[in-house]
Amino acid sequence: MRRTILTVLTILTVSLLTGCDFITNSFQYKDKTKEFIEVLLTEDYNKCISLMAMDHENAKNANIDSLKSGFSSFRQLITSNWGTELEYSFIKSEKRFSTVEDSNTPPNTTLALIEFHNEKEFGVLEVLFDDKSQKILSMKPLDVKAPIPTMTNFWLFGLIAICIPLFNIYVIRQIKRSDLKKKWIKYIAVIFLNTPSITYAAVSGFSFQLINLQIFLGVSFSWMGYLNSYWTIGIPLGGLYWFWKLRRKEAKLTEIEISTGQHIETESTTDIDKPVD
């Protein structure tokens with residue numbers, strides 16, 4: 001038993017440390033991408049080469065002249081579509097594991113999505129990093145060029161979204177204060193039964209999904225670049241049901257109290273009016 005516990009703790013510790021390394025590296029991807037693009041825009045292609053993971057096995061046979069020619073075309077693509085005054089933001093990083101081999105990220109690499117924008121439009125770069133050297137293996141722009149969205153509507157919808165978990169928390173508190181039996185089942189219903197869902201994305205606007213459980217008390221949120229900023233709210237079916245049940249129970253108790261009160265008052269009146277012998 002003791003050996004089993006130690007094994008589990010070791011696995012958890014290693015997993016935690018690995019996860020921390022992954023998160024730490026993720027914060028560097030935006031800065032490294034920004035540095036590369038800024039050097040690219042100055043046409044310092046030798047510096048670009050130094051920022052790439054040329055020692056990685058996937059890059060050992062790369063032709064330097066071909067790379068520089070590709071840099072020139074890449075620079076032309078960026079400047080003609082977005083100009084040279086750019087800002088950057090990190091969207092996400094991931095390691096892809098799939099049964100389809102072409103969908104996997106190469107061993108010891110991480111794929112990062114970096115958003116960049118000028119004053120009016122934004123684009124997205126897909127950058128493959130070598131985990132060992134933390135240098136760039138490859139970079140390409142995705143087929144994304146869109147106007148910078150107005151974030152006012154995004155945050156206004158967020159005010160509505162916040163009301164969902166507040167309502168669910170209120171219902172949970174009401175269940176706790178009630179005399180219902182097996183309260184834990186009611187809690188699970190309120191926490192998990194939040195569907196169908198409505199999503200508002202900063203770029204694409206509204207969307208609706210019939211089956212999409214929002215288990216975090218009915219709401220999920222992301223704010224990572226314009227492309228990956230969204231609010232999703234689940235209709236709180238569990239919360240609404242138990243809110244209705246509790247209100248119905250209270251209404252019945254009120255009716256009983258009123259009826260009992262009226263009955264007592266009637267009996268009292270009858271006793272007063274009764275003739276005295």
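This is a predicted model: local features need pLDDT of at least 70, side-chain atom pairs count only at pLDDT 80 or more; totals for chains, interfaces and linings use all residues.
**Entry 1**

I then looked up Phe-206, which is exposed, with a relative accessible area of 57%. The ring centres of Phe-157 and Phe-206 lie 5.6 Å apart and the ring planes stand at 75°, so I noted the pair as edge-to-face, a label given to angles over 60 degrees. Phe-157 belongs to helix 4, whereas Phe-206 belongs to strand 7 (residues 205–209), so this pair ties together parts that are 49 residues apart in sequence.

**Entry 2: other aromatic rings**

I next searched the whole structure for aromatic pairs, and the search gave 19 of them. One that I followed up is formed by Trp-155 and Phe-221, whose ring centres are 6.3 Å apart and whose planes make an angle of 45°, so the pair counts as tilted. Trp-155 sits in helix 4 (residues 152–177) and Phe-221 in strand 8 (residues 219–224), so the pair links parts that are 66 residues apart in sequence. I checked the exposure of both residues: Trp-155 is partly exposed, with a relative accessible area of 37%, and Phe-221 is partly exposed, with a value of 38%. I also wrote down that Trp-155 and Phe-221 are members of one aromatic cluster, together with Phe-154, Trp-223 and Trp-231.

**Entry 3: the sheet beside the helix**

I turned to the strands and found an open sheet of 4 strands in the order 7-6-9-8, with antiparallel pairing. Strand 7 and strand 8 are at the edges and have a single partner strand each, so one side of each has no neighbour in the sheet. On average, and with direction ignored, neighbouring strands of this sheet are turned by 15° against each other.

I looked at the pairing of strand 8 with strand 9 (residues 228–234), where 6 bridges join the two strands and the run is antiparallel. In this region I located Ser-222, which stands opposite Tyr-230 in strand 9.

Which strands does helix 4 lie across? I traced helix 4 across strand 6 (197–201), strand 7, strand 8 and strand 9, and I noted that helix 4 runs at about 35° to strand 9.

**Entry 4: a charge over a ring**

Last, I asked which residue lies over the face of Trp-82. I found Lys-145 there, at 6.0 Å from the ring centre.

Note on methods. Residues are numbered from 1 along each chain as its sequence is written. Side-chain values use heavy atoms; hydrogens and water are left out. Rings of Phe, Tyr and Trp (its six-membered ring) pair if their centres lie within 6.5 Å; planes under 30 degrees apart count as stacked, over 60 as edge-to-face and the rest as tilted. Buried means under 20% relative accessible area, exposed over 50%, partly exposed in between (1.4 Å probe, protein chains only). A charge sits over a ring if NZ of Lys or CZ of Arg is within 6 Å of the ring centre and within 35 degrees of the ring normal. Two strands pair if DSSP finds at least two bridges between them. Axes are lines fitted to C-alpha atoms, for helices over the stretch in contact, and angles run from 0 to 180 degrees between N-to-C directions. Contact means heavy atoms within 4.5 Å.
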